[in-house]
Amino acid sequence: MRAALVLLLVACLWAPAAAATLAEWRAEAAAIRLLAENDVPAARERARALQAGMPADAQPVDRVLAMNLVARIDTYLGDTDTAAAGAERAIEAARAAGDRIGEAEGELNMTIIAVNQGRIDRLVQAATQSVSLLQGTDRPDLLAEALLRLGTMYGRFGQLDDQVAFAVQAMEAAQRETNPLALAYAHQGMAIAFDMTGRSEEAGQHYDQMLRRAVEGGSHMLEAFGMLGVAGQHRRRQEFDASQRLAQQAIEIFRQVGSPFAYNFAVFSLADQHQQR
């Protein structure tokens with residue numbers, strides 16, 4: 001937690017100047033992406049300033065980076081149609097620039113957006129394309145999230161063997177790296193796969209590891225989702241007090257983060273628990 005607070009403090013103290021160098025601009029983009037995991041409205045304001053202050057020597061990949069950043073933030077804010085339009089523009093611009101990572105990140109954004117829009121055909125396209133584009137790249141965080149989205153998609157279709165296979169692939173890839181967010185996504189994928197196959201004990205262990213890695217990586221968003229996962233396993237064992245306590249903590253984190261979809265998901269989870277008691 002201390003490491004995450006330090007990262008956020010550094011991010012908040014750095015204000016992009018009109019004459020920022022390209023290196024400074026890129027550092028600010030990375031800081032905003034982390035901020036989006038912790039304070040979505042604040043990240044939106046800084047992302048607007050980032051786009052307005054783009055250096056004259058910015059490359060096409062930088063413009064794609066900014067578009068994807070804004071699209072992810074709009075997704076977290078629940079502005080789904082705006083997020084979808086921004087993600088599609090980023091994908092088109094990335095293809096034109098030959099930017100595989102930028103295209104993959106746009107498709108990864110669309111895996112979330114398409115679920116919110118109920119567009120199953122677009123979900124399938126985005127999930128498969130994002131994983132394909134990220135093979136052989138040096139972005140373990142994006143690859144782990146892409147494999148999580150792809151595996152979860154197969155789980156929605158009842159194809160549990162495929163879901164498990166992609167969860168294992170994500171874990172194997174993440175364990176070769178030192179990126180805590182990649183490990184958080186990988187543990188989330190394993191937890192969901194175990195949960196879907198009725199193996200509550202293993203699911204709880206992976207949700208707990210997801211939570212720990214999320215804290216290490218400085219993502220309150222993933223930390224809260226990990227809490228909900230652990231809460232769900234307590235609920236399966238009818239340990240309702242422990243489950244309620246964790247769910248309430250997750251709700252408070254989501255409230256502070258400022259993501260309406262995540263907040264409402266957590267509130268629904270707690271309400272469902274009360275109905276089961």
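The structure described here is a predicted model, in which local features need pLDDT of at least 70 and side-chain atom pairs count only at pLDDT 80 or more, while totals for chains, interfaces and linings use all residues. Residues are numbered from 1 along each chain as its sequence is written, and side-chain values use heavy atoms, with hydrogens and water left out.

Helices (H or I, at least four residues) are DSSP runs numbered from the N terminus. Two packed helices are described by the angle between their axes and the distance between the axes. Axes are lines fitted to C-alpha atoms, for helices over the stretch in contact, and angles run from 0 to 180 degrees between N-to-C directions. For α12 (220-236) and α13 (240-257), the axes come within 8 Å and cross at roughly 160°. The two helices α12 and α13 are therefore roughly antiparallel to each other. Their crossing is left-handed, a term used if the near helix is turned anticlockwise from the far one by less than a right angle, with right-handed used if clockwise. Contact (heavy atoms within 4.5 Å) is made by residues including H220, F225, L228 and H234 of α12 and F240, L246, I253 and V257 of α13.

The loop between α12 and α13 contains Q238. Phi of Q238 is positive, near 60°, in a residue other than glycine. Most residues other than glycine have a negative phi. Q238 counts as exposed because its relative accessibility is 61%; buried means under 20% relative accessible area, exposed over 50%, and partly exposed in between, with a 1.4 Å probe and protein chains only.

Two further helix pairs were examined. The axes of α5 (residues 80-97) and α6 (residues 100-117) come within 8 Å and cross at roughly 155°, which makes α5 roughly antiparallel to α6. The crossing of α5 and α6 is left-handed. Among the residues in contact are A84, A87, E88 and I91 of α5, and G106, M110 and I113 of α6. Helices α3 (residues 40-52) and α4 (residues 60-77) have axes that come within 10 Å and also cross at roughly 155°, so α3 is roughly antiparallel to α4. This crossing of α3 and α4 is left-handed. The contact includes V40, P41 and L50 of α3, together with M67, V70 and I73 of α4.

Helix α10 (residues 180-196) has 17 residues and spans 24 Å from first to last C-alpha, close to the 24 Å expected at 1.5 Å a residue; the expected span is 1.5 Å times one less than the number of residues. Of the 17 residues of α10, 16 are buried. At the start of α10, a side-chain oxygen of N179 lies within 3.0 Å of the backbone nitrogen of L181. G198, with a positive phi near 80°, follows α10.

H187 is placed in α10 and counts as buried, at 9% relative accessibility. Leaving out residues up to four places away in sequence, H187 touches M171, H206, Q209, M210 and R213. L150, in helix α8 (residues 140-156), is buried with a relative accessible area of 4%. Apart from neighbours within four places in sequence, L150 is in contact with A127, T128, V131 and F166.

Notes. Polar contact = N/O pair within 3.5 Å; in protein donor to acceptor, adjacent residues only side chain to side chain. Parallel < 35°, antiparallel > 145°, perpendicular 65-115°, else oblique.
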